[in-house]
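Take a look at the chain shown here.

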Amino acid sequence: MGFDIDIRVIQFPNLFSSINFVFMYVRPLQKTLILILTISVLIITPDIIFSLFNKAFKVSHDIKGLILIIPLSIGFVFNPYRWISVFFISLISFLQIIQFSHIKYFGTQISPYSLHLMTSEMEDVLLEVGNVFLNYIYIIPTVIIPFLLILYCAGKQRRKAAFGTVILFSVFMSVGIRLYAISAPRFTPNEFRFTIDNSIKTFFGYWIILLKNYQVKGYKKYEIIDLKTNIPEKINIVYIIGESVNYKHMSLFGYERNTTPNLRNLAKESNFLYTQGISSAIATLPACKFIANAICEPDNVIQTSMDTTNLFKLAKQKGFKTFYISSQSDHLLSAIGGISYIDIIVTKDSNTLKCNELMDEYLFEILSLQKFEDRNFIILHQRCIHSPYTKTFGKDYKNGNAFKGSNNKIVDEYDNAMLYNDYLIYRMFNFFNKQKEGKFYIIWASDHNELMGENGLYGHGHGYLLPETADIPIVIQSNDLDFLGRIRDLFRPTHYEIAKHIAGLLGYEVKNPNEEKDVFYISGVDYNGKCGYIRLRKDPVAQKVKYSEDKDPTS
Ligand SMILES: [Zn+2]
């Protein structure tokens with residue numbers, strides 16, 4: 001036989017000896033660079049491995065994540081004190097194991113509130129961990145092995161210097177200080193960042209919550225009841241989240257400039273409804289949370305950290321194909337939630353160049369590429385009419401200067417953007433309302449208002465809790481006249497009520513035991529209540545809304 005080779009020679013190549021081999025033959029500077037690069041890759045290796053086991057989890061492609069990862073690698077390479085590296089590696093490993101377990105269990109990256117909740121209900125958590133432990137055990141080597149390799153690689157650097165230690169501490173402390181300065185509770189994990197980014201921020205957010213003595217309010221659990229209704233075989237439910245729309249500047253609502261000629265035409269049809277509504281928040285991010293999750297309370301920390309009432313989840317459970325198509329950046333998905341229940345996700349970040357060129361017409365381009373099924377649940381998320389208003393037009397739009405010459409340039413610019421928005425909305429409605437068979441529901445609601453001189457203020461970004469910032473238009477077209485009737489019966493519908501009605505179309509009742517009759521909220525810029533909120537009471541008989549004082553639970 002010709003196979004009498006010494007078996008010891010052809011053993012599977014030893015990983016460590018191959019790394020040694022590479023380092024022996026490269027020059028010191030190149031070697032250091034290779035080490036930094038290798039450690040950077042090792043830091044995100046758990047994300048890559050975890051994504052192989054969890055289809056819903058996607059590895060970040062956001063290069064902004066490198067702002068944290070590269071300095072961290074440099075720190076590990078140069079830090080001369082091994083025990084300090086061991087300390088940081090152990091801490092990060094621990095956080096990452098909790099992070100991946102959270103993603104696997106809840107489908108979302110861990111937030112400071114969630115961590116706070118887990119530690120305050122340790123007994124329940126441990127009980128649950130005992131139940132599911134075996135399914136989660138692979139997470140431990142997924143995290144530990146790459147991090148041990150980081151320690152090994154860092155040991156390969158000969159020339160060490162104290163600045164490595166300084167960098168390590170600076171990376172951590174800068175995250176902590178920054179979060180403390182911007183008030184940590186505003187931090188919600190960005191599902192599109194590397195997990196380590198969110199893990200470290202959540203860790204600091206958690207301590208800041210403790211330092212600021214934050215108490216979780218004891219709300220009762222929402223119940224989701226399957227109504228077992230017959231959902232039509234063919235049905236399209238489309239929710240268009242508008243941006244910064246002031247209904248007082250729409251001719252549909254009687255504005256003197258004809259800023260919405262197309263919508264006025266649509267309004268002549270019997271299947272069309274438009275009304276003044278009330279938004280759930282004064283800013284985009286929190287509004288997304290309430291719009292897409294049928295949550296009422298502005299400080300219901302537990303409900304906002306779960307997907308149980310998420311509209312994508314409910315739709316998916318009833319066999320809908322689900323779409324989130326947005327010309328805003330994908331960080332808003334952290335608030336929208338239910339990512340593992342969305343079949344098609346396309347945001348501005350999917351093709352930033354194209355989106356910047358086409359602006360909201362990007363949405364049509366993406367829509368035209370989609371394959372729809374019999375049942376579709378679609379959220380379209382607009383960027384128009386966000387400021388700067390003159391930059392809101394797609395590249396081919398020619399009518400961007402139709403209104404001019406008033407004594408207020410901001411109003412002129414805003415009205416021109418409104419005219420463009422009218423064209424966009426009309427096209428979006430026409431994309432879906434031509435359906436011959438089956439039911440269609442097209443709902444357009446702004447996320448919040450844009451002040452155009454009310455109280456002497458402009459815009460929405462100032463963060464003041466002004467009731468006017470929540471005055472929004474709600475426009476609906478549907479061939480289900482009963483549904484239109486139900487919405488018509490609501491006096492000044494809120495995001496929450498609309499979301500509950502959509503859940504109804506999806507075959508579910510969202511039963512919220514915390515509801516008070518006719519009481520609703522307008523959240524500040526944080527959807528967990530840390531930036532205050534307005535409580536309001538609708539009086540449908542007198543057709544009035546009474547707003548209470550601003551509430552700030554931290555004061
Ligand atoms: Zn907005």
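In this predicted model, the centres of domain 1 and domain 2 lie 37 Å apart, taken over C-alpha atoms. Domain 1 covers residues 15-211. Domain 2 covers residues 223-551.

**Where the domains meet**
- Domain 1 puts 16 residues into the contact, and domain 2 puts in 17 residues.
- On the domain 1 side, helix α5 (residues 112-120) gives the largest share, with 3 residues.
- By class, that side of domain 1 has 7 nonpolar, 7 polar and 2 charged residues.

**The whole chain**
- The protein chain has 19 helices and 14 strands.
- Its radius of gyration is 27 Å, close to the 24 Å that the globule rule gives for 555 residues, so the chain is as compact as a globular protein of that length.
- The C-alpha trace spans about 85 × 55 × 50 Å along its principal axes.
- Of the 555 residues, 44% count as buried.
- Take the contacts with a separation of 6 or more: 75% of them join residues 24 or more positions apart.

**One helix pair**
- Two packed helices are described by an angle and a distance, both taken between their axes.
- For helix α11 (residues 284-293) and helix α19 (residues 495-505), the angle is about 35 degrees and the axes are 7 Å apart.
- Helix α11 makes this contact with Ala287, Phe290 and Ile291.
- Helix α19 makes it with His495, Tyr496 and Ala499.
- By class, the contact of α11 with α19 has 5 nonpolar residues, 1 polar residue and no charged residues.

Conventions. Residues are numbered from 1 along each chain as its sequence is written. This is a predicted model: local features need pLDDT of at least 70, side-chain atom pairs count only at pLDDT 80 or more; totals for chains, interfaces and linings use all residues. Axes are lines fitted to C-alpha atoms, for helices over the stretch in contact, and angles run from 0 to 180 degrees between N-to-C directions. Helices (H or I, at least four residues) and strands (E, at least two) are DSSP runs, numbered from the N terminus. Two residues are in contact if their C-beta atoms, placed from the backbone, lie within 7 Å. Ala, Val, Leu, Ile, Met, Phe, Trp, Tyr, Cys and Pro count as nonpolar, Asp, Glu, Lys and Arg as charged, and the others, Gly among them, as polar. Domain bounds come from an automatic or database domain assignment. The radius of gyration is taken over C-alpha atoms; the globule rule is 2.2 Å times the number of residues to the power 0.38. A residue is buried if 20 or more other C-beta atoms lie within 10 Å of its own, exposed if 12 or fewer, and partly exposed in between; C-beta atoms are placed from the backbone.
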